[in-house]
Amino acid sequence: MTEKVAVTAEEDSVVIKNPYMFVEKNGEKVLYLPSSGITTTNGVTLSANIEPAETTQEYTWESSDTSLIDFVADTDQFADGKATIKIKKADASKTGTAIITVTSGAKTDRITVVCQTSASGFDTVKTTGDNLPDNLVTSVDKPYNLPNGNGGKDQLNISLKYPEGTDAESKEQLIFISSDPDIISVDETGKLTTNKASDEVVTITVICQASGASKVFYFRVTDDQNVKPASIEVTGKNDVDIDASIQLSAKVKPVNAVNKEVEWQVKSGAQNISVDDKGNVTGLKKGTATVIAVSKEDSNVKSSEFKITVHSPAKSIQILDSAITIEAEKTYTITKTNNTSAKNGYVIEPADTDDAIEWKSSNENVLTVTVTGNNVVLKAIAEGTAKLKATATSGVSKEVTVTVEPKKIAVASISITKEVTLNVDETHALVPKCLPENANEKVTFTYSTNNAKVATVDADGVIHAVGPGTASITAKTNTNRSASCAVTVKQPAKEIKILDGPLTLEEGKTYTINKTTNASATQGYILNPSNTTDTVSWSTSDSKVAAVSESASRVTITAGSSGTAALTATTSSGVSTTVTVTVVAKKISVTGINITKEVTLNVGQTHTLTPTVLPENANEVVTYTYSSNNEKVATVDANGVIHAVGPGSVSITAKTNTNRSASCSVTVKQPVKSIKILLNKPNVKKVYMAKGQTLSIKAEKNPLTSTDTFSYKTNKKKVAVVSAAGMITAKGKGTAKITVQASSGKKATITVVVSKKQVKAKKVKVKGPSTMKQKQVKKLTVSLVKGNSTDTISFSSSNSAVATVDNYGNVKALKKGKVKITIQSSSGKKAVKKIKIK
């Protein structure tokens, strides 16, 4: 069973020659392999001691990255407990790290293999510190003297040469070795520490760890206090502007040199710079110059020439192209010029400036910039804007906006609306389209018409309809592309009138309405305005009543069956009008008329005459007039309405416009409104009579003009009877009612009380006015004492020229004067009423 495995590379012949290739530190084993040399060709042998030697367990080799480090075929051997094998870079140019592991049983060991890029040689040797010169050159015969006790402030900075683009992590490490660390020790970064003075020459060897390349430096350490300058190093800026100054410094080495004073000298280019004794350099003129520092103690000790370039800085930059527009995928060149009046290019002042100009685009997705000599080439990438900025080394700058337009696609043709129909005074805006649709060429349009009386077009492509007709409107680009639009202008009708009013036609007849332009015509139809382009269509609401047939300028109506229909004329622009057509039956003349033969009316009543024509099927249209032969009895109005005016008879005549007539006999009656019963008794409501006594009733009409007649009757003939003339005869004791009735139906009644014997009045009483005015009529009120007296009474006037009195006590004043009215009962009792007539 394996107890231990230990692997190493130190037995390889190449490693023996360059033992720094293999490092074992802190338990980690690292093998550095170069990218060139024998190890690349032949490889490196690894050895693994396996204990105990007689172990029976197998062993294996394994690479973590065979694309970097692989095993050389047929090199695996084992003898006396040692296994050997060769490893080799799989790709000489490849760098990186791989781990080689050897395993036996449960035991393993490994080596980390770092593949580095081999340096092709040493490049520059630079130094830092107070005692080493810039350009350190030593030999065994001429070692460089370092002061004792430098404090480790002097350092060798060694650079190696590598192919361009070599990764920093793959470069070789440097190993610094001192031949006598007791005199001069060196650390891994090249810092030198002088430890004691000695006449012995100490070598410091710098070795490339992987490739083994080396470089040797020779030094001696001294305690001499009278140290003379050995070298001078000039430091400072290498550039100065005209009229500006820079400060140079002279570093005298070794640092313990007693006299460090130097003299500053312009070695070349004295016309371009000046230098003072403090090392202040002033730029005088554009160009180059060199300066050296010479030791004042030993003029043979001097610095290398320090080159200074005098610059003429730019004070301003002008980009003469103030606004730049470029088509996408095109280029635009701005060329340097000294002519500040030019419109293109860029100017730097002063003209002899040696400032470099940096050109940049703010958006390289829109614009890129390439500088070739004095030409700045702008390449338009995509549509957009970018800021182009020129900046001189001195810091002055100028910026201009660059607009990138889309790649130009030319307009091959244009299209506009092919046809347009307008009414007069209407407008239509043409909107030309460029073809192909993705064309971005900027074009302008002009418009023209071939008939300005029909349609005009303005600069914006707006068509204005002027008058009816046709015109062609043409749109044309400034690149000579054109298209036309056919314009039809119509004059719509604003109004249509049918001058023939409502029409009446007999069945089977026709009627034609013709178009006219005569505004004074009374027949036909007329359109306004007269130059309208509208057509007219005709329609009927009932073709069975009135059918229409139309042509361009007329319409014919054919009357069908009786009835009415609406005839409508409609223009093509939508204006319409309607007229009524009445169709009547075929004409049958009126030969006569009938009206009511007789009519009886009361005053104030009316009766409407309704004439009928003969024969009954006559359809002749007739009108009527009416007349009365006695308007005091009855009048008749224009509508045949009879108005009863006063009692009597009258003849009312109806007459047609065709001279046909008929008459109506009208009787007008005046019915009573009330009946007044007059008796020569004091009380006309209740009359007292003795058996066998007679009494005449006088019934008075109201109004007096009434045509009524009276009739009389009693309700008890055994008590009292009444004759047709109104004479009451008392028959027997009792009470009866006597009724007076007018022929129009109005009634009045009196009560008759019959006694067996006469009852005489004891006294007559009278009431009435004492004075009256002329023409007044006043009734006297008479009463008898006894109240049930059967007496009759009579009246007489003392002067009938002044006043009269009738049988019923009605006094009528005739003239001024005094009169006595005597009232006497049939039994001889009297009463007198004196009345003064004023």
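This is a predicted model: local features need pLDDT of at least 70, side-chain atom pairs count only at pLDDT 80 or more; totals for chains, interfaces and linings use all residues.
Figure 1. Six bridges link strand 11 to strand 13 (residues 154-161) in the antiparallel sense. Strands of a sheet pair through backbone hydrogen bonds, either parallel or antiparallel.

**Figure 2. Strand 47 and its parallel pairing with strand 54.** Strand 47 covers residues 503-506. L503 and L505 make up its covered face. T504 and E506 make up the uncovered face. Strand 47 runs parallel to strand 54 (residues 576-584), and four bridges join the two. Within this pairing, T504 stands opposite T582 of strand 54.

**Figure 3. The largest cavity and its lining.** A probe the size of a water molecule, rolled over the atoms, shows where empty space is left. The count is one cavity of 30 Å³ or more. The largest cavity holds about 30 Å³ of space. Its lining residues are K515, T516, T517, L527, P529 and S530. By class, two are nonpolar, three are polar and one is charged.

**Figure 4. Cis peptide bonds at N702–P703 and V785–K786.** Most residues other than glycine have a negative phi, and most peptide bonds are trans. The bond joining N702 and P703 is cis, with omega about 10°. P703 sits in the loop between strand 67 (698-702) and strand 68 (710-714). A cis bond also runs from V785 to K786, with omega near 20°. K786 belongs to the loop between strand 76 (781-785) and strand 77 (793-797).

**Figure 5. Positive phi at N26 and N659.** N26 is not a glycine, yet its phi is positive, near 55°. This residue lies in the loop between strand 2 (22-25) and strand 3 (28-33). Is N26 buried or exposed? N26 has a relative accessible area of 78%, so it is exposed. N659, also not a glycine, has a positive phi of about 70°. Its place is the loop between strand 62 (648-656) and strand 63 (661-669). N659 counts as exposed because its relative accessibility is 53%, and the cut-off for exposed is over 50%.

Terms used: Residues are numbered from 1 along each chain as its sequence is written. Side-chain values use heavy atoms; hydrogens and water are left out. On a 1 Å grid over the protein atoms alone, a cavity is a set of points where a 1.4 Å probe fits but cannot get out, and a pocket is an open set with protein on both sides within 12 Å along at least five of seven lines; lining residues have an atom within 4 Å of a point. Grid points are joined across faces, edges and corners, and a volume is the space filled by probe spheres set on the points. Ala, Val, Leu, Ile, Met, Phe, Trp, Tyr, Cys and Pro count as nonpolar, Asp, Glu, Lys and Arg as charged, and the others, Gly among them, as polar. Buried means under 20% relative accessible area, exposed over 50%, partly exposed in between (1.4 Å probe, protein chains only). Two strands pair if DSSP finds at least two bridges between them.
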